[in-house]
Amino acid sequence: MAPPIARSPRPPPRPPQRSAQPSRGGAGTWAPREEAAAGVRPPRRGRAGERGAGRRGGARRTMAAAAAAPGRARRGAPMYSQKELTSQKRDEFEDILEERRLSSDLRYAMKCYTPVIYKGLSPCKPNAIKNAVLQSEQVQYVIKQLAKEMGESPDIIQEEATEILDEMGHSMQLGAVRFFAFTLSKIFKRLFQRVCVNEEGMQRLQHAIQEHPVVLLPSHRSYVDFLMLSYLLYTYDLALPVIAAGIDFLGMKIVGELLRRAGAFFMRRSFGGNRLYWAVFAEYVKTMLRSGYAPIEFFLEGTRSRTAKTLTPKFGLLSIVMEPFFKREVFDTYLVPISISYERILEESLYAYELLGVPKPKESTSGLLKARRILSDNFGTIHIYVGQPVSLRTLASGRINRCPYNLVPRHLPQKPSEDIQEFVSDVAYKMELLQIENMVLSPWVLIAAVLLQNLPAMDFELLIEKTLWLKGLTQTFGGFIEWPDNLCAKKAVMSGLTLHSNIARLVDGHVVLNDKGVEDGAVGEIIFKCALAVLMCATYRNQLLNVFVRPSLVAVALQMTRSFRKEEVYSCFSFLRDVFSDEFIFFPGISLKDFEEGCFLLTKCDAIQTSQQEIYPTDKGSVIVSFLSAMFRPFVEGYQLIFRYLSKETKEAFTEKQFIPGVRNFVFQLLEKGNTQCYEALSSDMQKNALAALVQLGAVKKKKMSNGFAYNVNQEAVNKILDMFDARIPVQKPVAARL
């Protein structure tokens, strides 16, 4: 589908009903919100008038005046600074499904779709983009180089490049878009009670799309993510994104082609050093970005998070979309972090099975059809928070020198300098921290966190009391909580248990994990079923860890060091932060600032008192410190078990495929003997992260092989780290720790 000719901006329609605004006890604990440009918040229309217009005439409603320009940080400001943890007003949410339930889905799908687009866009078709890529100096240079090196005709290499583009490229067509609009309306109304969107975020996005090329960076928890985002932009009459999708989707007959026609372009999971593929792919993405053809959408995490914790970012695609700015081919690029929060995740049980070693089902049309049984289930509410567009030009100001790019012809491949690589990494972590900041937490997240500390069963009234207590603590720490309107605590907790009855249930006044059948079968089967229930529950508790990670690591450090000296507590905190750097998102190089933030939050809730040299837990704070330590105990104990396996069970080089089953069997045996209750140590995600941590700490060496990577364990180094974890030896002091 050729993007329409640019026209004067027209505000997108506004869905009718505002959902309950999540309560926010304080601002997020992460990266600072961008400083808003001067502008007045537009007035809001009366709801009754909007509904009447929508029902009677089907006339398109308009938003209020266009939003203020996207926020910009002050010139020369650091990429990350500690957020002021004070109460701030949050954007309000709209339920976009309410109107869909009141009007025709066919009329919605066939509406006059004239999206707001980039002001400098010239109309072009998908095939024109492909031709521009093939004829570009960059691709032609690589073709000639490869032809020379391989002794092949350039025409043969050109033909290969054409085949790559045909496999990769999208062919967006309005007919396919309308088909998805109709189908997804039907599906989403069956699956979800509400789909809530921050209207002000959509206004900011509308303005950004008109001004500069836009890159959408959503969080990734479900396959629903990219479908929902396109559905959202169609609803608000904004230009649909072109979406980077895995090549696996092409294996789905009919569906793969439909996705291509709805804007998906496909990339291989690994380029394997294929220079031609890399050149064609990079130029394809950059051509769409330079022209402002459509917003470009991809997931920084690279894949869906199976644990609901944000995955460490991948830098490849981000580096590609930033390159046109570095080479002065565009004046600016807006990066838009988007947080998608699920009250209940569609793939929750599938993820738990994957983490326990059951192979992931291959994407297929038949598998999709079999999954239609979930349409009879209830998955609650989705919250989509569209964050402030972040100006790449502002981020680079005073930090990146773009002059070296002027010294080399633009078509010649250039390896990014260390400064550029560090900048790309910092931007990636900043975007993920902004995603985390705006994640919405449901009551079930709090319930899961409390329940996992009180297994195998917990009194229902006590669960309500503890959940309310945790709600207050979460708000004090800056958590973004949605608490149902007009529901007392008892009904809110009961509602969460009802929605997640596949995970937990109420039995004789006590809440237990829904592990039916654990009394049947062999011991190994019983352990597997228990682990399945624990991992599904942990998926929701993990959403809370993003808010609690810094004060919790301070609490764990206090217990591990058994010392009040701030220097020793900080040393232990820094050690834990390094060890868990693949479990949680920390901005690089600010360990001391993270420690100070953790101490500040604990002081804010009266859990500790600090002096220049010491940290004192208060009498009141012992409950908080104990709770925070217990919430992170599965990670501490899980890593201890994995390190113990590596220190005792591995003598020779091994691969990851050998390591995962080995450590899983080791933990299984300990569970069978009753020597541990840490079911989360069976998670392949934790096992891989623990191995990666040891590689970063230098205790395990990772060597590239023809068929993957091989690992060699330094037994002495692993034992030393294990002793630090067991608090048998003091943690080494960080260099130049100034407190």
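Residues are numbered from 1 along each chain as its sequence is written. In this predicted model, local features need pLDDT of at least 70 and side-chain atom pairs count only at pLDDT 80 or more, totals for chains, interfaces and linings use all residues, and side-chain values use heavy atoms, with hydrogens and water left out.

**Exercise 1.** Determine how α13 and α21 are oriented and which residues join them.

Solution. Helices are DSSP runs (H or I, at least four residues) numbered from the N terminus. Step one: α13 (residues 348-355) and α21 (residues 523-561) pack at about 125°, with axes 9 Å apart; axes are lines fitted to C-alpha atoms over the stretch in contact, and angles run from 0 to 180 degrees between N-to-C directions. Step two: angles under 35 degrees count as roughly parallel, over 145 as roughly antiparallel, 65 to 115 as roughly perpendicular and the rest as oblique. The pair is therefore oblique. Step three: with contact meaning heavy atoms within 4.5 Å, Glu348, Ser349, Ala352, Tyr353 and Leu355 of α13 meet Phe528, Leu532, Leu535, Met536 and Tyr540 of α21. By class, this contact has eight nonpolar, one polar and one charged residues, where Ala, Val, Leu, Ile, Met, Phe, Trp, Tyr, Cys and Pro count as nonpolar, Asp, Glu, Lys and Arg as charged, and the others, Gly among them, as polar.

**Exercise 2.** Classify the orientation of α19 and α24, and the residues of their contact.

Solution. Step one: α19 (residues 460-476) and α24 (residues 621-631) pack at about 90°, with axes 13 Å apart. The two helices are therefore roughly perpendicular to each other. Step two: Trp469, Leu470 and Leu473 in α19 meet Val623, Ile624, Phe627 and Leu628 in α24. These divide into seven nonpolar, no polar and no charged residues.

**Exercise 3.** Identify the residues through which α4 and α6 meet.

Solution. Step one: the axes of α4 (residues 126-134) and α6 (residues 154-168) come within 11 Å and cross at roughly 145°. Step two: Lys130, Val133 and Leu134 in α4 meet Gln158, Ala161, Thr162, Leu165 and Asp166 in α6. The classes here are four nonpolar, two polar and two charged.

**Exercise 4.** State which helix supplies the largest share of the lining of the largest cavity.

Solution. Step one: 14 residues line the largest cavity, with Phe180, Leu184, Ser230, Tyr231 and Ala262 nearest its centre. A cavity is a set of points on a 1 Å grid over the protein atoms alone where a 1.4 Å probe fits but cannot get out, and lining residues have an atom within 4 Å of a point. Step two: α7 (174-191) and α9 (224-235) each supply at least two lining residues. The largest share, five residues, comes from α9. Step three: the lining comprises 13 nonpolar, one polar and no charged residues.

Methods. 1 Å grid on protein atoms, 1.4 Å probe; cavity = no way out; pocket = protein on both sides within 12 Å on 5 of 7 lines; lining within 4 Å.
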